[in-house]
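Work through the following exercises with the sequence and the coordinates at hand. Each task is followed by a solution in steps.

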Amino acid sequence: MATKIIVDCSTGTTTEVELTAEEVAQQEVDAKAYVIEQAERDADAKAKADAKASAQAKLAALGLTADEIAALGN
Amino acid sequence: MATANTFVQIGSTVTVGSGGAANISFSSIPATYTDLVLIISGRSDYAATISRAKMQINAITTNYSNTMAYGDGSSVSSTTNTDYITYIYSVGSTATASTFSNSNIYIPNYAGSNYKSVSVDSVTENNATAAYAVIEAGLLSNTAAISSLTITDANSGNFVQYSTASLYGILKY
């Protein structure tokens, strides 16, 4: 059973207790949300990388050298 | 009476035992100081190179907002969300054995009646390309003085043995 550690700052005592059913359920919700958020972040990063590569290819097709494209910034 | 401009430990350092812990809480935080600093050395049993932890203030679940910038060893990105003061990163179970993250969370004017701002500086360790460095600015739109902080592994993982958390107060005046 998962536990939590609680420090009572007024007394300095530390206790370890089992999570409640509600806390376990919230953990599961958080875990699912994290997977979704991570997928969204990965998709966003890939979209940005793809757009950058596409722009660089179009600039190269116009005749810019790699150094000239790099000079335009990242 | 604490000396101004020094770190004073509040409560005691938590060192997670062999059974692990899903979360770590500091309760009944006195309003004695000006600022709070929470320092965490964390590793999770979540099966990835990193895991994410969230920080909940006063058991509040709403009215958070934050933005963060992070590097993962290959690229840099930024993101925003409204789900707690998240992105306190821990080392995950597939990262190099016996490595831990280092996170520093600064909360100014925690006992005042303004909204509560939080800054987070968090890094993970891994003997490979994939290691994370994260900075984050967060806001809790709530005016209550902070009396409790809870750090929870957000991936249903557990902080593993030898993870630590320490809370300090800083008296500025």
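**Exercise 1.** Find the residues in contact with Ser101(B), leaving aside its neighbours within four places in sequence, and decide whether Ser101(B) is buried or exposed.

*Solution.* The model is a predicted one. Step 1: locate the residue. Ser101(B) sits in the loop that runs between β7 (85-91) and β8 (102-107) of chain B.

Step 1: list the contacts. With the neighbours within four places set aside, Ser101(B) is in contact with Ser41(B), Gly42(B), Arg43(B), Tyr89(B), Ser90(B), Val91(B), Ser122(B), Val123(B), Thr124(B) and Glu125(B).

Step 2: apply the burial cut-off. A residue is buried if 20 or more other C-beta atoms lie within 10 Å of its own. Ser101(B) has 27 within 10 Å, so Ser101(B) is buried.

Step 3: check one distance. Ser51(B) is 50 residues away from Ser101(B) along the chain, and their C-alpha atoms are separated by 9.9 Å.

**Exercise 2.** Give the strand order of the open sheet of eight strands in chain B. Which strands stand at its edges?

*Solution.* Step 1: the order is β1-β12-β3-β8-β9-β10-β5-β6 in chain B, with antiparallel pairing.

Step 1: β1 and β6 of chain B stand at the edges; each has a single partner strand, so one side of each lacks a neighbour in the sheet.

Step 2: direction ignored, neighbouring strands of this sheet are turned by 15° against each other on average.

**Exercise 3.** Which strands of chain B each supply at least two residues of the side that touches chain A?

*Solution.* Step 1: count the contacts. In chain B 25 residues are in contact with 20 residues of chain A.

Step 1: assign them to strands. β1 (7-15), β2 (23-27) and β6 (76-81) of chain B each supply at least two residues of this side. The largest share, five residues, comes from β2(B).

Step 2: Strand β1 (residues 3-8) of chain A pairs with β2(B) in the parallel sense over five bridges, and Ile5(A) stands opposite Ile24(B).

Note on methods. Residues numbered from 1 in each chain as written. Chains lettered and ligands numbered in written order. Predicted model: local features only at pLDDT ≥ 70, side-chain atom pairs only at ≥ 80, totals over all residues. Contact = placed C-beta atoms within 7 Å. Helix = DSSP H or I, 4+ residues; strand = E, 2+ residues; numbered from the N terminus. Pairing = 2+ DSSP bridges. Buried ≥ 20, exposed ≤ 12 C-beta atoms within 10 Å, placed from the backbone. Axes fitted to C-alpha atoms, helices over the stretch in contact; angles between N-to-C directions.
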